[in-house]
Amino acid sequence: MGYAIETEKLTKYYGKARGIVDVDLTVEEGEIFGFIGPNGAGKSTTIRTLLGLIKKSGGSAAIFGMDCEKDKVKILSEVGYLPGEVFYYDNMRAIDLLRYSASFYKKDCTKRIKELADALSLDLNKKIEDMSLGNKKKVGIVQGLLHAPRLIILDEPTSGLDPLMQRTFFDLIQRENERGATVLFSSHILGEVQRICDRVAIIKEGRIVDLRSIDDLRKNSYKKVSFTTEQPVASFSLAGARQIAQDGLQTSFLYNGDINALLQKLSSLSLVNADVSEPELEEIFLHYYEEEAAAK
Amino acid sequence: MNLFRKELKSGLKPFLFWSLGLFMFVFAGIVKSSAAMADGQFMTDLISKFPRIVVAVMGMANVDISQFGGFYAVLMQYIFVLTAVYAAHLGSGAVSRESIDKTYEFLFTKPRSRSFILAQKLLAAMVFLTLYACFNLLFSTLAVKQLALTGDYTALFLRFSIATWLIGLVFFSLAAAFAASFRASERGARAGNLAVLGAYALAVVYDLVEKPGVLRLLTPFRYFLNTEIIKTNVHPFYAVLCVALSAVFFVIAFDRFERRDLGAV
Amino acid sequence: MNVFRFELRRAWVNAAVWTLVLTGLLVGLIAGALPAFLESRVAVENMLASFPPAFAAAFGLQLDNLFSFGGFYAFGFLYYSLFGAIMASAIGLDLFSREKREKCMDFLMTKPCTRSRLFLEKLLASLALLLASNAVFMTASMLLYRAYAPDPLLPGRALLAASSLLLTELVFFAIAAFAAVFAKKIRSVSGTATAIGFAGFLLSALYSLLGEEKLRYITPFKYYDASKAFFDGVFEAKYALVGAVLTLALMIAAYARYTRADIPAL
């Protein structure tokens, strides 16, 4: 099984300003791949280069083994793209736009359109410009998926959606993935990446700084521990605990080590409340930077 | 008055382009006047033999182009149309700019009433319109000086420039009213342009008909007749009519603008 | 050809309206005024009789041209060209800046369709509209010619003269398409189209006023001169060539830009 997406030293400069530099990415077929990073890091640039919307300055990019520039048309017939901001033609009903979109693919998409619209409760006969943002996004989702693409590329897809819609959206994406589609999904909202992705790449200032599986990230990372005691704890220490902070009756720290040792230590104290949790991806992410900075 | 200044800045480039057009036209026209007037008597006789419709379409009805005044009047017919198109552009632009640029959320959530904002924009546009009319006077005077023509035509130019301004005012306010009334800015702009074209067509019809009468009220291009301006002055009734019409259109524009939903397009 | 059909559906109403206005003007002018105009020739000749013979002779030669169908047709052509230029500019601007204006470049450009093909289909839709419009105009012209022109009839020349509108419109279409592809922002199609059309009109009026032959190179309305077509049976090669070259160059530049430009995020 080849790679769905493979880039090697992909680079794009906007004049003198850097877009992305030496980006190496491999996305396997069938996986859900997250692509995170702060604003301006280069997520959109990478995606737009893959789709042929902008021309790369250097390096190579291939989708399903085909070069992104040379075989653009063949690639795009198997790719569904959902951009962050959704605009469509004025004075068009949703169904008209979706039919127009479907006319570019050499297959009959009417059934899929209906299925997707029903799943999202989308009124196809309404004019797009009269729709709320959420509904406009629904149109975008249907538009991106109606031709049952092998690769789905999402660029900050949930911006502007309410939590219920977000949940529905991710369920839909997961169903597509079960059907066999690969998903590349860029976001700077780490919570959603954490929930559905298999692997994730982190981009910062145009360069990939890490590429890991989600499980991996968690395995080698920390538990967040905080507890409240009846009496203030004199000086708390535990092997594997870092960033110990004490504030009155509350103590908190990050722990990396044997979970049994932690629980034993905790049970030796008289606790009012204790909380041991997985850190948010954000905390792991930020932590990586601290580590790197400290290592330097 | 930061909005006023910003509107002036953003309208400057188009204004310069339109003024360039005005300049070329006025200068070229007046330069040619001497040649035209030499054959003037002949041309007048010739034209008098043409059927009315031809003369009307050429804009040469009711003038004696052997005289400079008559020739200038013909030139001014075209300047009137040019000014009307620019004025319509100014009017619809002032109203629709933010809707087109999608910056309305920025501007209209500032602590200023919509009417205040619109007033600033229209005022800035009026500056350009007034300057445009002044340029007409300026360019005409300069052109005549260049040619060292005899006769003082300043009064004539002044009267025509005032007429230009008044006609421009009507189309300016009308275009603003259209733009404020239509939800789609493109439709409003089209309505403004159609109004100019329609008024011009009516003006031609006016020249054709023996007893036009009421028709004169319908087309701003005939509020100020060549014969009147040359002999006496801008007809006061029609001058007042221009101002009155514009006031009505402005009221409509402000009212609609205050009430409309600001959304897509 | 889905893009072709899509664009056609979106733009045909506007084109139809302009065609009606244009043809209406043509019919109105010729049917309404040509007979009277031709009749007035006698009066003009009488008037000439009272002028010095040399003068009368010089002007008399032009009388044939002036008081013919061709002369009158060409006289109205300035106005037909104005409307035609606005219509053609509107088509060029509308079709080639549609996605840019409505912010859906991403939508169209990520479809499995080469940009070349997108450009081509838009171009074909534009040409279809222009050809249809001119078919109406030219048919009307020929019918009027048959009805009102005195014998002998030279339909070939009439057809050539009528076709000059199409050719002039192509120049403006190319200018507008070029502007649409290269401009960062197109605010209003009708506003910009009117401005382009009027600019052409102004240049033409300037040329008429000043009479400088050199000016003709920048007067698109006169590249394909209707009156010359009627009286000489051909367009003037020099200017027709300028028009053709300009049209092609602008379209090629627009094509290159359209197929190559980066589409940045909104």
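Mentor: Start with a network of salt bridges that links C:Glu7, C:Asp94, C:Arg98, C:Glu99, C:Arg101 and C:Lys122. This is a predicted model, where local features need pLDDT of at least 70, side-chain atom pairs count only at pLDDT 80 or more, and totals for chains, interfaces and linings use all residues. Residues are numbered from 1 along each chain as its sequence is written, chains are lettered from A and ligands numbered from 1 in the order written, and side-chain values use heavy atoms, without hydrogens and water.

Trainee: What makes C:Glu99 and C:Lys122 a salt bridge?

Mentor: The rule asks for a side-chain nitrogen of Lys or Arg within 4 Å of a carboxyl oxygen of Asp or Glu. The closest N and O atoms of C:Glu99 and C:Lys122 are 2.8 Å apart, so the pair counts. It links distant parts of the chain, helix α3 and helix α5 of chain C, 23 residues apart. Helices are DSSP runs (H or I, at least four residues), numbered from the N terminus.

Trainee: Why is C:Glu99 called buried?

Mentor: Buried means under 20% relative accessible area, exposed over 50%, partly exposed in between (1.4 Å probe, protein chains only). C:Glu99 has 2%, so it is buried. C:Lys122 has 0%, so it is buried too.

Trainee: Why is C:Arg117 called partly exposed?

Mentor: Its relative accessible area is 39%, so it falls in the partly exposed class. Its salt-bridge partner is C:Glu121, at 2.8 Å, N to O. C:Glu121 has 2%, so it is buried.

Key: Helix = DSSP H or I, 4+ residues; strand = E, 2+ residues; numbered from the N terminus.
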